[in-house]
Amino acid sequence: MCQVVEIRPLHNKSPAPMEETHSRNARARKKGTSLTPKKKNEVVGPPNAPKKNQRPKKQSGEKKVVNQVVRSRRKGSFGESTASTCCTSDSSSDASECAVPQYVKLGRIPVIPNVDKLRYVAMDCEMVGIGENGTASALARVSLVNWDGDVLLDTYVKVSEPVTDLRANVSGISFCHIDGSSSNTMNFDEVAAKVQGIISDKILVGHGLKNDLRVLNITHPWENIRDTAKYEPFMKKDGNNMWIPRKLKELTMEKFGFKIQEEGKPHCSVEDAVAAMQLYQLVSKQWEKVIDYKIKKTREILSLKKEQE
C-alpha cells in the first residue's frame, strides 16, 4: 500500500502567486539578471552552452547501441554478434546451389576450470516429413559443434524417400537442400558414418537426442549422453505431477535471456546445438555427479546379477 506524504514548504511564508512570479521573472529578464540563485561554483554561460558534466548529444548519423550488444557482454550469454546469419537464405546465390550460410559464433562460453573440452560434442538435427501426411521423419540436416560452439559438421542430407512435408516453417529446408543437386548435400550413409566417427568416445550433448539418434540410425552409450530435455532440473511437471521436457527456447530465455526459435522463423540446428551445450555447461558439475551415481549403481546391480548366476 502506498503512503501519502504531505510535502510542506521549508519557510512559513506562502509561495508567491503564479502571476506575480511570472511578472517578476519577465522584469528580471529585461535587466539581464535572473531570480534563480546560482549554485556554488556554478558558471552562468549562454543559454545553449553545455552544462558541467553533461554528456554531448549524439549526432543523427551515429549508430545506436542496441540492447542485444549489452546483453552479449554478460557472462554466459548469447550474442557476440547481434544477429546470427544462421538459417537465413542468401538471395545473391544461385537457387540451385542452396549454399550453407556462414555462421556467426553465438556467444561467450562460461569459463569452467579443468575441463577436457575435446570430450564434448553437441548435436542437433532438422527433419522433414515422409510417408502419409508427413508424420514420419527423415534426416534433412545435421549440425555438430564443440565445447566452444565452433562448427564441426553442418550439412544437408539427401532424402531418398518422397518428401510429403518439408516442415519449412520449422526446419528451413527447401527441396534443393535434400534432392542431391547441391554440393552442400551428403548421402545419408556417409553422414551417419561421419557423425558416428565424430561422437565416438565423446560426451554427446543435445536437446531431444533420442529423436536425433533414431533418425540417424545410430546409437550412443547412455552414460555418455547429456540430454537437456531429460535432465530433471530442466524439466517441469504436468497436470498429473509427471516430469515432462521443456522447450529449448524456454530454457534458453530463462537461463540466458536470449531468444532462439522465434515465431515465424525456421530453427537453426547450429544455434540449437550451441544452446544445448551452454545449458549443459551451466550445470555440468551437478550433472556429472548424478551420472557418476547412476554408473556406480548400475555396476552394483550388474555385479549382483553375475553373482546370482
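Let's start out in the open: Asn133 is exposed, with a relative accessible area of 64%. Keep in mind that this is a predicted model.

**Asparagines with positive phi**

- Asn133 sits in the loop that links strand S1 (120–130) to S2.
- Its phi is positive, about 65°, even though Asn133 isn't a glycine.
- That's worth a look because most residues other than glycine have a negative phi.
- Asn241 also isn't a glycine, and its phi is positive at about 65°; you'll find Asn241 in the loop between strand S8 (236–237) and strand S9 (243–244).

**A buried tryptophan in a loop**

- Trp147 belongs to the loop between strand S2 (136–145) and strand S3 (151–157).
- Trp147 has a relative accessible area of 3%, so it counts as buried, the cut-off being under 20%.
- Along the chain, Trp147 and Met277 are 130 residues apart, yet 6.8 Å separates their C-alpha atoms.

**Helix H6 and its two faces**

- Helix H6 covers residues 209–216, and its buried residues include Leu209, Asp212, Leu213, Val215 and Leu216.
- These residues lie on the same side of H6, because they span an arc of only 165° around the axis.
- In general terms, an α-helix has 3.6 residues a turn, so residues three or four places apart point the same way.
- Lys210 and Arg214 are exposed, on the face of H6 turned away from the buried side.
- Among the elements covering the buried residues of H6 are S1, S2, helix H5 (188–199), strand S6 (203–206) and strand S7 (225–227).

**How H7 packs on H8**

- Helix H7 (residues 248–256) packs against helix H8 (residues 269–308) at an angle of about 50°, and their axes are 10 Å apart.
- H7 and H8 are therefore oblique to each other, and their crossing is left-handed.
- On the H7 side, the contact is made by Leu248, Leu251, Thr252, Lys255 and Phe256; H8 brings in Asp272, Ala275, Ala276, Gln278, Leu279 and Leu282.

Key: Residues are numbered from 1 along each chain as its sequence is written. This is a predicted model: local features need pLDDT of at least 70, side-chain atom pairs count only at pLDDT 80 or more; totals for chains, interfaces and linings use all residues. Side-chain values use heavy atoms; hydrogens and water are left out. Helices (H or I, at least four residues) and strands (E, at least two) are DSSP runs, numbered from the N terminus. Buried means under 20% relative accessible area, exposed over 50%, partly exposed in between (1.4 Å probe, protein chains only). Axes are lines fitted to C-alpha atoms, for helices over the stretch in contact, and angles run from 0 to 180 degrees between N-to-C directions. Angles under 35 degrees count as roughly parallel, over 145 as roughly antiparallel, 65 to 115 as roughly perpendicular and the rest as oblique. A crossing is left-handed if the near helix is turned anticlockwise from the far one by less than a right angle, and right-handed if clockwise. Contact means heavy atoms within 4.5 Å. The arc is that of the directions from the helix axis to the C-beta atoms.
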